[in-house]
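Here is a short note for someone opening this model for the first time. Please keep the 3D view at hand while going through the points.

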Amino acid sequence: MYPLLFRTVLSRMDPETAHHAAMMVIRTLGVPPFSWAARALTRPDPRLATSALGLSFDSPFGVAAGFDKDVTGAAGLFALGFGHVEVGTLTAIPQEGNPRPRLFRLIPDRAVINRMGFNNHGAEAAARRLEKLRRRARRGVIGVNIGKSRVVDVDDATADYVRSATLLAPLADYLVVNVSSPNTPGLRGLQAVETLRPLLEAVHAAAGATPLLVKIAPDLPDDEVVAVAQLAVDLGLDGLIATNTTISREGLVTDPAVVAKAGAGGLSGAPLKARALDVLRLVRSAVPAEFCVISVGGVETADDVKGRLDAGATLVQGYTAFLYRGPLWARQINRGLVRGR
């Protein structure tokens, strides 16, 4: 039924408007008794339980940052069967993000281009929602992804990240430093090891006992991927997320005029699959076995998730395929993982 709904209705809507409509439904699913009914249908098989970062996950498959930017839909996403939800990206200073339109579907590629620009209501507002969410008797693992506020100069980025970490780390099951979005000017330059080291040191201190990870871009050269992974280990971080969206447009089958009209932004979805898998293997080769590596990018099926786990991922995240697969996507993934055991 969902493919028909997508083809006849959702694909004709503005993508961001369609996302907001979906979030309204997801928020409803997060409220009892709707959450109880949904969870009864989608609860992951106990055989999928996974331990990582000192935490227990119902499933190794979760939602990547970007879907629930403001901690408004996490409860509903858990009700749909995801093993964890990474909220954000959140910034210390509230911001509207880039002008609309800023989200574009490439349907023939099962992909999306976005230049959202970290639109969110800020770390303080998110902290209040996280406090409320953590009081729920039943909830999944909540990761919190933080980024640089757009109005803050790159030279002052460390203090900006530390402000967010101080507010959010005590309320997060794990914290992620996002230095890899292509939609905030100057942000990706922070991935250079000499710049990244003092930033991560400061955020690590602010995060306290909360597990800390760093998220990297797929566009880094292989040697820099390895260097960042080794830096994360050297600094005592708990993990790394590979990867964010890409600025590449290679290999797309969508009409080039449609791609050009979409313009700048990060590409996610199926075209990212090969590079995300390559980066995962590079990272895993450079870090100890116990180091948590979360793989994201081009994941759509249970076979994709199993492939990432077999390649060394501790956990796997998805986002873009949710738009194309619909609300039972996590259930499909989890059931496929059980069948493939």
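1. Start with helix 13 (residues 329–339). Of its 11 residues, 8 are buried, so the helix is largely enclosed by the rest of the structure. Buried means under 20% relative accessible area, with exposed over 50% and partly exposed in between (1.4 Å probe, protein chains only). Helices (H or I, at least four residues) and strands (E, at least two) are DSSP runs, numbered from the N terminus.

2. A word on the source. This is a predicted model: local features need pLDDT of at least 70, side-chain atom pairs count only at pLDDT 80 or more, and totals for chains, interfaces and linings use all residues. Residues are numbered from 1 along each chain as its sequence is written, and side-chain values use heavy atoms, leaving out hydrogens and water.

3. Which residues of helix 13 are buried? They are Trp329, Ala330, Arg331, Ile333, Asn334, Gly336, Leu337 and Val338. Their packing partners are helix 3 (34–42), strand 3 (61–63), helix 11 (302–310), strand 13 (315–318) and helix 12 (320–325). Contact here means heavy atoms within 4.5 Å.

4. Trp329 also belongs to an aromatic cluster, together with Phe61, Phe67, Phe82, Tyr319 and Phe322. The whole structure holds 9 aromatic pairs. Rings of Phe, Tyr and Trp (its six-membered ring) pair if their centres lie within 6.5 Å; planes under 30 degrees apart count as stacked, over 60 as edge-to-face and the rest as tilted.

5. Now look at strand 10 (residues 239–242). Both of its faces are covered. Gly239 and Ile241 are buried on one side, Leu240 and Ala242 on the other. In a regular strand, side chains alternate between the two faces of the sheet.

6. Strand 10 has parallel neighbours. Strand 9 (residues 212–216) joins it through 4 bridges, with Leu213 partnered by Gly239. Strand 12 (residues 292–296) is also joined to strand 10 by 4 bridges, and there Ala242 is partnered by Ser295. Two strands pair if DSSP finds at least two bridges between them.

7. Strand 5 meets strand 6 (residues 111–114) over 4 bridges, and Phe104 has Ile113 as its bridge partner.
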